[in-house]
Amino acid sequence: MAHSIAFGADHGGVQLKDALADAARALGHDVHDFGTQGTESVDYPDFAALVCEAVASGRARFGVLVCGTGIGMSMAANRNPAIRCALVHDATGARLTRAHNDANVLALGARMTGLEPALDALRAFLDTPFDGGRHVRRVAKLSAVTEPVR
């Protein structure tokens, strides 16, 4: 099944983002590239916000964010209450976050994960459906929590 996917990266992740977007196009997905387009220093929260707005509004089914470690992008993405962004390093993490957490944004670190594992993670993320069942209750709590659980 083809999906609409929003891609974004900072200067540390632009090369991996471009490779992942090319792979998604080759698989028949509709790609929206929100940048950055070069290696000049930029602020990752700006690109996370663009991708997350596209996912939250329904213009894209999924988002993919890449920075040097993936940590900053995932933190920025999860500030949006409509986003469930998971930082993964391999296909197993990508598959499980879709199946168990219904993640809608994938974060990767270009300095942490090589091209082939990142491509495998992208394919696993896009191909794995949400399992539902017992996970529905847990995923609902991700959006419902407004106060720390004590």
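Author: Start with a cut-off. Buried means under 20% relative accessible area, exposed means over 50%, and partly exposed is in between. Keep in mind that this is a predicted model.

Reader: Let me try that cut-off. Is Asp-102 buried or exposed?
Author: Asp-102 has a relative accessible area of 16%, so Asp-102 is buried. Arg-84 has a relative accessible area of 19%, so Arg-84 is buried too.

Reader: How do I read a salt bridge?
Author: Here is the general idea. Side chains of opposite charge can pair when their charged atoms come close. Now the case here. The side chains of Arg-84 and Asp-102 meet in a salt bridge, at 3.3 Å from N to O. Arg-84 sits in the loop between helix H3 (71-77) and strand S4 (85-87), and Asp-102 in the loop between helix H4 (91-101) and strand S5 (105-109), so the pair ties together parts 18 residues apart in sequence.

Reader: Which other residue forms a salt bridge with Asp-102?
Author: Arg-98 does, with the closest N and O atoms 2.8 Å apart. Both Arg-98 and Asp-102 are buried.

Reader: How many salt bridges does a search of the whole structure find?
Author: The search finds 7. Salt bridges can also form a network. Lys-17, Asp-18 and Asp-33 are linked in that way.

Reader: Now a patch of charge. Which residues gather in a patch of positive charge on the surface?
Author: Arg-134, Arg-137, Arg-138 and Lys-141 do. Take Arg-137, in helix H6 (residues 134-144). Arg-137 is at 49% relative accessibility, so Arg-137 counts as partly exposed.

Reader: Helix H6 again, then. Is His-135 buried or exposed?
Author: His-135 lies in helix H6. Its relative accessibility is 4%, so His-135 counts as buried. Leave out residues up to four places away in sequence, and His-135 touches Ala-99, His-100 and Phe-130.

Reader: How do I read a buried residue in a strand?
Author: Ask which residues surround it. Phe-62 is in strand S3 (residues 62-67). At 2% relative accessibility, Phe-62 counts as buried. Beyond its neighbours within four places in sequence, Phe-62 is in contact with several residues, among them Val-55, Arg-98, Ala-103, Phe-125 and Leu-126. Its contacts also include Ser-4, Ile-5 and Ala-6.

Reader: How far apart are Phe-62 and Ser-4 in sequence and in space?
Author: They are 58 residues apart in sequence. In space they are 6.6 Å apart, C-alpha to C-alpha.

Notes: Residues are numbered from 1 along each chain as its sequence is written. This is a predicted model: local features need pLDDT of at least 70, side-chain atom pairs count only at pLDDT 80 or more; totals for chains, interfaces and linings use all residues. Side-chain values use heavy atoms; hydrogens and water are left out. Patches are made of residues with over 30% relative accessible area and no salt bridge: like charges are joined within 9 Å, nonpolar side chains (Val, Leu, Ile, Met, Phe, Trp, Tyr) within 5 Å. Accessible areas come from the Shrake-Rupley method with a 1.4 Å probe; for residues, only the protein chains shown count as cover. A salt bridge is a side-chain nitrogen of Lys or Arg within 4 Å of a carboxyl oxygen of Asp or Glu. Lys and Arg count as positive and Asp and Glu as negative; His and the chain ends are not counted. The place of a charge is taken as NZ of Lys, CZ of Arg, CG of Asp or CD of Glu. Helices (H or I, at least four residues) and strands (E, at least two) are DSSP runs, numbered from the N terminus. Buried means under 20% relative accessible area, exposed over 50%, partly exposed in between (1.4 Å probe, protein chains only). Contact means heavy atoms within 4.5 Å.
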